[in-house]
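Here are my notebook entries on this structure.

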Amino acid sequence: MGVFITFEGIDGCGKSTQIKLLDRKLKEKGVRTLVTREPGGTEAGCRIRQLLISTEVCLDKYTQLFLFMADRVQHLEEVIRPSLRNGIWILCDRFADSTIAYQGYGLGVKLELIENIHREILKDTWPDITVVLDCPVSMARKRLELRERAVPGCPSDVGYDRYEGASAKFQEKLRKGYLEIVKRSPDRAFVVDGSRDVGTVHSDIINTLKKRKLWPSET
Ligand code: TMP
């Protein structure tokens, strides 16, 4: 079986950079990896993503919830489970914790409802480890302003999306939500201070993976 690693945090926390670095490092070690994302890790998911992040369409919080879940089921069935069965390590940019943070802590959907749906659709496929990159909201927003927005396979994904454009107050709620998630699942999730330089954050992530015995054995 492969290892399932998810990356979480508010928009602009530095997930994509850290995923790229870890992917490169694991490949150097001879590990077969797959970098994927939610929403949008499948063809259907890409279409769902366009609807979800578009600021032109108004979506109720439950509509958002079920669309993220629809994307997740498809992703699990088409990509995540088959890859893990083939020994491939998955590096996933956002997963179940994003729904808990954004739709739960952010928009006020009951956590119990989200957890019940997850129990039903995830079954045993929980991440082996979840990296939560934490940084001040002001820093994340600055990074977003500087970022280039080219998203492979999802051409309409340009500019600020539904959640990135949300108020700093909303982003603070998400940040607190993520810290709460780590407190509730300390065996699976850990916080990394993402406000430091890229190399230091990368080393921290590797050290934690090693400590939790989720690192390829040296040959
Ligand atoms: P991304 O830009 O990080 O790929 O994610 C798109 C947006 O979707 C991001 O602002 C976070 C949000 N999101 C949720 O609100 N709930 C979820 O379950 C997921 C996976 C993402």
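**Entry 1: ground rules.** I started with Phe4, which counts as buried at 1% relative accessibility; buried means under 20% relative accessible area, exposed over 50% and partly exposed in between, with a 1.4 Å probe and protein chains only. I am working with a predicted model, in which local features need pLDDT of at least 70 and side-chain atom pairs count only at pLDDT 80 or more, while totals for chains, interfaces and linings use all residues. Residues are numbered from 1 along each chain as its sequence is written, and side-chain values use heavy atoms, with hydrogens and water left out.

**Entry 2: aromatic rings.** I looked for pairs among the rings of Phe, Tyr and Trp (its six-membered ring), taking centres within 6.5 Å as a pair, with planes under 30 degrees apart as stacked, over 60 as edge-to-face and the rest as tilted. That rule gave me one aromatic pair. Phe4 and Phe95 make the pair, edge-to-face, with 5.0 Å from centre to centre and 75° between the planes. Which parts of the chain does the pair link? I found Phe4 in strand 1 (residues 4-8) and Phe95 in the loop between strand 3 (89-93) and helix 4 (96-106), 91 residues apart. My helices (H or I, at least four residues) and strands (E, at least two) are DSSP runs, numbered from the N terminus. Phe95 is buried too, with a relative accessible area of 1%.

I also noted a charge at this ring: Arg72 lies over the face of Phe95, 5.4 Å from the ring centre. For that I required NZ of Lys or CZ of Arg within 6 Å of the ring centre and within 35 degrees of the ring normal.

**Entry 3: the ligand.** Which residues come nearest to the ligand? Of the 16 residues around it, they are Asp11, Arg49, Arg94, Thr99 and Gln103; a residue is near if one of its heavy atoms lies within 4 Å. Helix 2 (43-53), helix 3 (61-85) and helix 4 each give at least two residues to this shell, and helix 4 has the largest share with four residues. By type I sorted the shell into five nonpolar, three polar and eight charged residues. Here Ala, Val, Leu, Ile, Met, Phe, Trp, Tyr, Cys and Pro are nonpolar, Asp, Glu, Lys and Arg charged, and the others, Gly among them, polar.

Next I checked side-chain distances to ligand oxygen atoms. Thr99 has a polar side-chain atom 2.5 Å from one, Arg94 has a side-chain N or O atom at 2.7 Å, and Lys15 has one at 3.5 Å. The protein covers 97% of the 480 Å² of accessible area that the ligand has on its own, by the Shrake-Rupley method with a 1.4 Å probe.

**Entry 4: backbone.** I found a cis peptide bond joining Glu38 and Pro39, with omega about -10°. Pro39 is in the loop between strand 2 (33-37) and helix 2.

Lys123 is not a glycine, yet has a positive phi of about 50°. I placed Lys123 in the loop between helix 5 (111-122) and strand 4 (129-134), and it is exposed, at 57% relative accessible area. Lys213 also has a positive phi, near 60°. Lys213 is in the segment after helix 8 (198-211) and is exposed at 72% relative accessibility.

**Entry 5: a last look.** Is Arg119 buried or exposed? At 55% relative accessibility, Arg119 counts as exposed, and it lies in helix 5. From Arg119 to His75 I noted 44 residues in sequence and 16 Å in space, C-alpha to C-alpha.

Note on methods: A polar contact is a pair of N or O atoms within 3.5 Å; within protein, one must be able to donate a hydrogen and the other to accept it, and residues adjacent in sequence count only if both atoms are side-chain atoms.
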